[in-house]
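I opened this notebook page to record what I looked up, feature by feature.

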Amino acid sequence: MSPKDCTRMEALSSVVFVFFFLCATGVRGDGLTVLQAPDFVSFQKGEWPISGEKIPDLVALTMGFSVQEDLSWPGLQAGPLFQRPRANVLVVVRGADGLALPQSVASYPLENPVPFTLDSVAETVHSLFADDTPVVLQLAPSEERLYMLGKANAVFEDLPVTLQQIRGRLSQDGSVLATLPLSSLSRNAEADLLFLSEIQVLRDITALLQRHRHLAKDHSPDLYSLELSGLEELTRVYGRDSPQYRDAAAILSSALQKFGEDVYGLYGDSAVVEVVTVKNFEAPLTRKSRSILESKQISNPGSPYNLAYKYNFHYAVVFNIVLWLTIALALAVIAVGYSLWNMDPGYDSIIYRMTNQKIRMD
């Protein structure tokens, strides 16, 4: 075979690989893939697009919570009233042009991929199940952003979050470097290490959940939100057609599939696991972040779980009632005190009046 024929065969094999890679994905480009879901959370298979800004409402509905605006999207059907999943796990993969996730429940195209957060869902979980201290974990390793609430402070306290911590974790026992087929990925390149660190975080989360299995047996639902941008960095450095990107996409697909199966099994087949893939967001999102080092600074001294002070939507009403009632009582006390100060005992008080008459009679 001539060198020219070999070149043609290599090009043909690359095209075939890309074709099957795209065909195996539930969603090409920006999309939402439901990896795991219990039977009572009914996702319908179809090509109905969903807007990125509606993802938090979708997560809230899958957990059995109400939303301000009805979600007119046929992909999710109404389920039983008294059954809700024990956990919802949402993984956002940035820089991905579709991932091979064949073992999924359903997949849908994503339109208007604007940045979003699950802060509203986390507040709902905390307000409704404050006494049960549910697990709320929002994590973005590439930005060193971490938010923990409830029992997550105790469970994930040792989770490596900063890039320096994760790189140190890669050199320890149980590192993904010892088991993953790196192929074209390098252990020394910054972009490659960022991607591998995110795979390490997925495995560490699963290991910590297996160590604390009691979390899946309580009555409060748990919420996990992870944002991975390692593929985005590999695309920026090597390009989307590079072997590094293809190998990383294959590794991430396998890791996400395994992560979803493990979490689903740990919660007794009662967890919803979704993956959102986006090439890039249409607008930047700025939000306040908190380092893991701050988790030890308890904002509420009465709680060992670093819970915020309780707050609900009736706070303004209760505040006004207490404020004006206090002002009214204060004015009443002032008026009574002023009246007593200027009172004439001989004429205004029946006690002194009777006493004076008795004295005169004597």
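The entries follow in the order in which I looked things up.

Ground rules. I am working with a predicted model, in which local features need pLDDT of at least 70 and side-chain atom pairs count only at pLDDT 80 or more, while totals for chains, interfaces and linings use all residues. Residues are numbered from 1 along each chain as its sequence is written, and side-chain values use heavy atoms, with hydrogens and water left out.

Entry on the cores. I looked for nonpolar cores (sets of buried Ala, Val, Leu, Ile, Met, Phe, Trp, Tyr and Cys residues joined through side-chain atoms within 4.5 Å; buried means under 20% relative accessible area, exposed over 50%, partly exposed in between, with a 1.4 Å probe and protein chains only). The largest has 57 residues, and Phe-156, Phe-195, Ile-205, Leu-231 and Leu-256 have the most contacts inside it. Helix 8, residues 243–266, gives the largest share of this core with 11 residues; helices (H or I, at least four residues) and strands (E, at least two) are DSSP runs numbered from the N terminus. Apart from this core lies another, of 33 residues, with Phe-40, Trp-73, Val-92 and Leu-149 among them.

I then took up Phe-195, whose contacts (heavy atoms within 4.5 Å), not counting residues up to four places away in sequence, include Leu-185, Leu-231, Ala-248 and Leu-252.

Entry on Phe-65. I found this residue in the loop between helix 2 (55–62) and strand 4 (76–77), and it is buried, with a relative accessible area of 6%. Beyond its neighbours within four places in sequence, Phe-65 is in contact with Ala-60, Arg-84, Val-121, Thr-124, Val-125, Leu-128, Phe-129 and Pro-221. From Phe-65 to Leu-128 I noted 63 residues in sequence and 9.9 Å in space, C-alpha to C-alpha.

Entry on backbone angles. Asn-112 is not a glycine, yet has a positive phi of about 50°; it sits in the loop between strand 6 (106–111) and helix 3 (119–128) and is partly exposed at 31% relative accessible area. Asp-269, also not a glycine, has a positive phi of about 55°; Asp-269 lies in the loop between helix 8 and strand 10 (271–278) and counts as partly exposed at 44% relative accessibility.
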